[in-house]
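The exercises below are meant to be worked through with the sequence and the 3D view side by side. Try each task before reading its solution.

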Amino acid sequence: LSVFDASFIKLREVVLGYSFRDIPFLTRAGVRNIHISLVGRNLWLIHSNIPNIDPEYNNGAGNYVGTESAAIPSVRSYGFDLKVSF
């Protein structure tokens with residue numbers, strides 16, 4: 001049994017987006033605004049006092065809160081978001 005300080009620094013989410021407003025050919029179609037974003041989640045575990053473990057991912061429930069038991073690695077995800085206003 002080992003006990004570690006669970007302090008960590010993490011880049012959890014980054015969103016880069018741009019809004020397109022009042023574009024003539026879209027305005028004729030009834031579109032006022034289009035917003036496009038790129039999204040990244042769980043991008044970088046900058047520092048962790050627990051070796052080889054993502055502290056956020058290994059939280060249990062019930063009697064197993066805060067324990068680590070052969071968990072799979074946390075998932076990094078990328079995506080995009082499109083919002084259209086009429």
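**Exercise 1.** Does lysine 10 count as buried or exposed, and at what relative accessibility?

Solution. This is a predicted model, in which local features need pLDDT of at least 70 and side-chain atom pairs count only at pLDDT 80 or more, while totals for chains, interfaces and linings use all residues. Residues are numbered from 1 along each chain as its sequence is written, and side-chain values use heavy atoms, with hydrogens and water left out. Buried means under 20% relative accessible area, exposed over 50%, and partly exposed in between, with a 1.4 Å probe and protein chains only. Lysine 10 has a relative accessibility of 18%, so this residue counts as buried.

**Exercise 2.** Find where lysine 10 lies and list what lysine 10 is in contact with, leaving aside its neighbours within four places in sequence.

Solution. Begin with the strand: lysine 10 belongs to S1, which covers residues 8–21, where strands (E, at least two residues) are DSSP runs numbered from the N terminus. Next, taking contact as heavy atoms within 4.5 Å, the partners of lysine 10 beyond four places in sequence are Asn42, Trp44, Leu45, Ile46, Asp54 and Glu56. With asparagine 42, the side chain of lysine 10 also makes a polar contact of 3.1 Å, that is, a pair of N or O atoms within 3.5 Å in which, within protein, one must be able to donate a hydrogen and the other to accept it, residues adjacent in sequence counting only if both atoms are side-chain atoms.

**Exercise 3.** How many salt bridges are there?

Solution. The rule asks for a side-chain nitrogen of Lys or Arg within 4 Å of a carboxyl oxygen of Asp or Glu, and by this rule there are two salt bridges. One of them joins the side chains of glutamate 13 and arginine 41, at 2.7 Å from N to O. This pair links distant parts of the chain, since glutamate 13 sits in strand S1 and arginine 41 in strand S2 (residues 33–48), 28 residues apart. Glutamate 13 is partly exposed at 42%, and arginine 41 is partly exposed, with a relative accessible area of 42%. Another salt bridge is formed by aspartate 81 and lysine 83, whose closest N and O atoms are 3.8 Å apart.

**Exercise 4.** In what order do the three strands form the open sheet?

Solution. The order is S1-S2-S3, with antiparallel pairing; two strands pair if DSSP finds at least two bridges between them. S1 and S3 are at the edges with a single partner strand each, so one side of each has no neighbour in the sheet. Between S2 and S3 the antiparallel pairing runs over nine bridges, and isoleucine 34 stands opposite valine 84 in S3.

**Exercise 5.** Why is the pair of tyrosine 18 and phenylalanine 20 described as edge-to-face?

Solution. Rings of Phe, Tyr and Trp (its six-membered ring) pair if their centres lie within 6.5 Å; planes under 30 degrees apart count as stacked, over 60 as edge-to-face and the rest as tilted. The structure holds one aromatic pair. Its rings, those of tyrosine 18 and phenylalanine 20, have centres 4.9 Å apart and planes at 70°, so the pair is edge-to-face. Tyrosine 18 counts as exposed at 53% relative accessibility, whereas phenylalanine 20, at 34%, is partly exposed.

How values were computed. Helix = DSSP H or I, 4+ residues; strand = E, 2+ residues; numbered from the N terminus.
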